[in-house]
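Have the structure open while you read.

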Amino acid sequence: MIKINSLSKLFHTKSNLISAVDDLSLEIEKGEIFGVIGYSGAGKSTFIRLINRLENPTSGQVVIDGEDITSLSKNKLRLSRQNIGMIFQHFNLLWSRTVRENIAFPLEIAGISKQERMARVDELIGLVGLSGREDAYPSELSGGQKQRVGIARALANDPKVLLCDEATSALDPETTDSILKLLIDINEKLGLTIILITHEMHVIRKICHRVAVMEAGKVVEQGDVLDVFSHPIMPVTKKFVEQVMGDNNQEDSLEWLTTGYKNGDIIKLHFVGETTSQALISQVAKQFDVDINILQGKITQTQKGAYGSLIVHIDGVSDEKESALAYIKSAPVEVEVVHHAN
Ligand SMILES: Nc1ncnc2c1ncn2[C@@H]1O[C@H](COP(=O)(O)OP(=O)(O)OP(=O)(O)O)[C@@H](O)[C@H]1O
């Protein structure tokens, strides 16, 4: 649905030529939540601003539903932009207008009649959960409520794409979660394609289906969120995954973990996707006459299911233990026997 072909943006400053986005190509499917992650200066903001031509590219194309945004005249671009909503880190609300008036603003610009505007605004206020706050001014709202106004305003003209520029970076963790939930809700209800940029891997983990990692203006790695989490390739991606999963080097060594376990096996279970770790462990404990203890583990939820690993100690009479191991191996989980004591 969105095709980005060899997109580049050069900034000429007094002393320098900065390549903010460098020959970037991507394809984003209709209805997906696509995340772009990178450290400060990687070129994320420039990239997202090129999608709706808040910045003009130096070269390359952005094609949305077959329409090349980069070649549109100013008038056509104005119309085409109604298909692309955007929300911002600092909300960019009109401070002298109420919630209702902020949300109505893009409808006024689009020439929608007052009656239609009022009905649409009411609908949007319900959708983003701001009922009762219609007549408040932005200064009277919490950060989360301000971003809800930003989202309602961005959705006013029924866009096909929503661009999110660090939309939760100014919010505390709980408010961040409530805004991410709202974005998931909107994605599911309206089938809206969402492109978001962030420097936080937790945001990618919680809501994205696919992710691209940017460094020095380029996409250095991309894929399904679960694939990227389970097999990060580039050093920068590994660092982002560590934000969520912790640094493997900081884990207790196997030698340390096995101290004190003279009998039984120590096995490592890797979960990727739908399998839930708790169900498997409790089934083993219920069905087999074995002792099973979790020694170390990190499981995290992504939009595409659970991901992570558990190291467990399992002990019992030989037959029972072997049956339990066979049961675990038959589950959709990767099993690695890391220590076999007897
Ligand atoms: N208007 C501009 N003029 C000159 N250089 C710019 C301009 N906008 C961005 N840059 C430069 O382009 C590079 C990429 O910046 P950009 O803001 O896109 O990165 P970012 O990944 O979004 O980082 P941040 O999260 O810090 O904004 C940086 O080196 C930045 O200094």
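What distance separates the centres of domain 1 and domain 2, taken over C-alpha atoms? It comes to 40 Å. Keep in mind that this is a predicted model.

**Two domains**

The protein chain splits into domain 1, covering 2-245, and domain 2, covering 251-340. Their contact draws eleven residues from domain 1 and ten residues from domain 2. On the side of domain 1 that touches domain 2, the elements giving two or more residues are helix H7 (201-207), helix H8 (225-230) and helix H9 (235-245). Helix H8 has the largest share of that side, with four residues. Sorted by class, the side of domain 1 that touches domain 2 has seven nonpolar, two polar and two charged residues.

**Around the ligand**

Now for the ligand. The residues surrounding it are Phe11, Thr13, Ile18, Ala20, Gly38, Ser40, Gly41, Ala42, Gly43, Lys44, Ser45 and Thr46. Two elements give two or more residues to this shell: strand S2 (17-28) and helix H1 (44-51). Which of the elements supplies the largest share of the shell around the ligand? That's H1, with three residues.

**Helix packing**

| Pair | Axis separation | Crossing angle |
|---|---|---|
| H3 and H4 | within 9 Å | roughly 125° |
| H5 and H6 | 9 Å | about 20° |
| H3 and H5 | within 7 Å | roughly 30° |

Take H3 (residues 99-109) and H4 (residues 114-127), whose axes cross at roughly 125°. That angle makes H3 oblique to H4. The crossing of this pair is right-handed. H3 brings Arg100, Ile103, Ala104, Leu107 and Glu108 to the contact, while H4 brings Arg117, Arg120, Val121, Leu124 and Ile125. By class, the contact of H3 with H4 counts six nonpolar and four charged residues, with no polar ones.

Next come H5 (residues 143-155) and H6 (residues 173-190), which pack at an angle of about 20°. The two helices are therefore roughly parallel to each other. H5 goes past H6 in a right-handed crossing. Here Gly143, Gly144, Gln147, Arg148 and Ile151 of H5 meet Thr175, Ser178, Ile179 and Leu182 of H6. The contact of H5 with H6 divides into five polar, three nonpolar and one charged residues.

How are H3 and H5 set, roughly parallel or oblique? Their axes cross at roughly 30°, and angles under 35 degrees count as roughly parallel, so H3 is roughly parallel to H5. H3 passes H5 in a right-handed crossing. From H3, the contact takes Val99, Asn102, Ile103, Phe105 and Pro106; from H5, it takes Val149, Ala152 and Arg153. By class, the contact of H3 with H5 has six nonpolar residues, one polar and one charged.

Definitions and conventions. Residues are numbered from 1 along each chain as its sequence is written. This is a predicted model: local features need pLDDT of at least 70, side-chain atom pairs count only at pLDDT 80 or more; totals for chains, interfaces and linings use all residues. A residue is near a molecule or strand if its C-beta atom, placed from the backbone, lies within 6 Å of it. Domain bounds come from an automatic or database domain assignment. Two residues are in contact if their C-beta atoms, placed from the backbone, lie within 7 Å. Ala, Val, Leu, Ile, Met, Phe, Trp, Tyr, Cys and Pro count as nonpolar, Asp, Glu, Lys and Arg as charged, and the others, Gly among them, as polar. Axes are lines fitted to C-alpha atoms, for helices over the stretch in contact, and angles run from 0 to 180 degrees between N-to-C directions. Angles under 35 degrees count as roughly parallel, over 145 as roughly antiparallel, 65 to 115 as roughly perpendicular and the rest as oblique. A crossing is left-handed if the near helix is turned anticlockwise from the far one by less than a right angle, and right-handed if clockwise.
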